[in-house]
Amino acid sequence: MIKWKRSLGVVLATALAGSLVACANGGNTNSKADSQGTTTATTAAASNEPVKLRIMWWGATVRHEATLAALKLYTEKHPNVTFEPEYSGIDGYLDKLSTQAAANNAPDIMQLDPGWISDWAGRNQLAPLTGVDVSKIDTKVLSGGQAGGKQYAMPLGSVAYGMIYDKAAMDKLGLKAPENGWSWDNFFALAKEAKTKLPEGQYFTKDYAGDYFAYSAFQYAKGKGMVVSDTGKFNVDQATFLEWTRNFDEMRKNGIVPPADVNSSDKEFDPKMDLMVNGKILFRMGFSSNYGSWDSLKKGAYALVTMPRTVEAGGWLKPSLYLGVSATSKKAEEAKKFVDWFVNDPEAAKILTTVRGLPVNKDIAASLESSMSEVDKIGSALLHATEKDGQTWNPGVKGWTNYIDKDWPLVRDQLSFGKSTPEQAFEQLKVAAQAYEK
């Protein structure tokens, strides 16, 4: 089972990468009757007096616009409730949210990455979501937002981790597009072929030598398991890590990946800074959910393909995003009432569509799939191709967020700028892990 701490974004955004979330047993114990009963109690507890709810999320423009429209509709239906929205890209989001929470000033409602849930619930920073109807949500996807038998975060969708590439540019260069099920050997061979055809200033892919998520996919594909074990131990396979980083070291020297200054300038979904959107790279890692966001920036140019495999699949499925309510919110009952509406209301779903994944409410998901756009179908195809034997995600071990968000990026930058060798990078990660091991 794959333990994966953070999504890069996350999220079946305009591209439906959703597969009706998974199906299996989970830890949820709420029955439909119980959920409906608590909903009534929560509704009664919620006041009709004027309430302003702070809500915070990240994403691309399409998600922002859809969310703002949904907030407007909610206020129309509940005139006593207004919102103070805070939204941005993913860069800096967690640091800002964590700072607010540490000062007991977290938003009432916050969008959370699935990989953060174990830490946030473990620090008692989330309120139990009593009163939210979960009867139409698969128990497997619910389980990632639970702790101690209680639901602390509400899943919003399901996504697949794979690759997006500039098919229009590939066709122009005479490069054959990859097919689902391709291998890492195919990937590196295509990179070398591309070098012979790429003009100066254009590269095959980003420098992913020290990227936690990209390397995780490679190690999973090699059958070496999780980067951090389910018992909270450093589990980076040395031979696999050195193979990965040496491949990228060679590509860096041969100009197949961008130089460090160009690589570090990348800002996903920014029309001017996204290296794929501005034509500097052909391939990048991405979620099925993000296809619509990229397509909105360059219509019809891109395609999706499964993460390369080796002895096992490299890609995985995961819950897209969660909504949580702050444990310090003075308006928690109104916040929970909103979360219930956001997840279960058909009118809200018509506005939100798949900007956070195919909705987890099964009835709503089915209604959306019947009228899916061509863009959503592309994201859905990647999800269905991945779910055949893709790795399974779960929220991971408590306490490793900083290792992934701070220690790995430091190593990533040192590799990219040539300040560290693959061997030194491995040792640095191994030593840094000691501070987090159980």
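The legends below describe close-up views of a predicted model. Local features need pLDDT of at least 70 and side-chain atom pairs count only at pLDDT 80 or more, while totals for chains, interfaces and linings use all residues. Residues are numbered from 1 along each chain as its sequence is written, and side-chain values use heavy atoms, with hydrogens and water left out.

**View A. Helix α2 crosses helix α12.** Helix α2 spans residues 61-77 and helix α12 spans residues 332-344 (helices are DSSP runs of H or I, at least four residues, numbered from the N terminus). Their axes come within 12 Å and cross at roughly 115°; axes are lines fitted to C-alpha atoms over the stretch in contact, and angles run from 0 to 180 degrees between N-to-C directions. The crossing is right-handed, a term for a near helix turned clockwise from the far one by less than a right angle. On the α2 side, the contact (heavy atoms within 4.5 Å) is made by Ala70, Leu71, Leu73, Tyr74 and Lys77. Glu334, Lys337, Phe338 and Trp341 make it on the α12 side. These residues divide into 6 nonpolar, no polar and 3 charged (Ala, Val, Leu, Ile, Met, Phe, Trp, Tyr, Cys and Pro count as nonpolar, Asp, Glu, Lys and Arg as charged, and the others, Gly among them, as polar).

**View B. Trp184 is a member of the largest nonpolar core.** A nonpolar core is a set of buried Ala, Val, Leu, Ile, Met, Phe, Trp, Tyr and Cys residues joined through side-chain atoms within 4.5 Å. Buried means under 20% relative accessible area, exposed over 50%, and partly exposed in between (1.4 Å probe, protein chains only). The largest core has 112 residues, of which Trp184, Phe204, Trp244 and Phe338 touch the most other members. Helix α8 (residues 212-221) gives the largest share of this core, 8 residues. Leaving aside neighbours within four places in sequence, Trp184 is in contact with residues including Met163, Ala217, Phe218, Trp244 and Met285. A second, separate core of 17 residues includes Ala160, Tyr203, Phe269 and Leu382.

View C. A salt bridge is a side-chain nitrogen of Lys or Arg within 4 Å of a carboxyl oxygen of Asp or Glu, and the structure holds 22 of them. Asp249 is partly exposed at 21% relative accessibility, whereas Lys253 is exposed at 66%.

**View D. Lys299 pairs with Asp295 in a salt bridge.** The closest N and O atoms are 3.3 Å apart. Lys299 is exposed, with a relative accessible area of 66%, but Asp295 is buried at 4%.

View E. Lys377 is partly exposed at 41% and Glu374 is exposed at 55%. Elsewhere, salt bridges that share partners join Lys206, Asp266, Glu268, Asp274 and Arg284 into one network.

**View F. Phe234 lies in the loop between α8 and α9.** Phe234 is buried, with a relative accessible area of 16%. Its contacts, leaving aside neighbours within four places in sequence, are Val227, Trp400, Tyr403, Phe426, Leu429, Lys430, Ala433 and Glu437. The C-alpha atoms of Phe234 and Ala432 are separated by 9.4 Å, although these residues are 198 apart along the chain.

Methods
Helix = DSSP H or I, 4+ residues; strand = E, 2+ residues; numbered from the N terminus.
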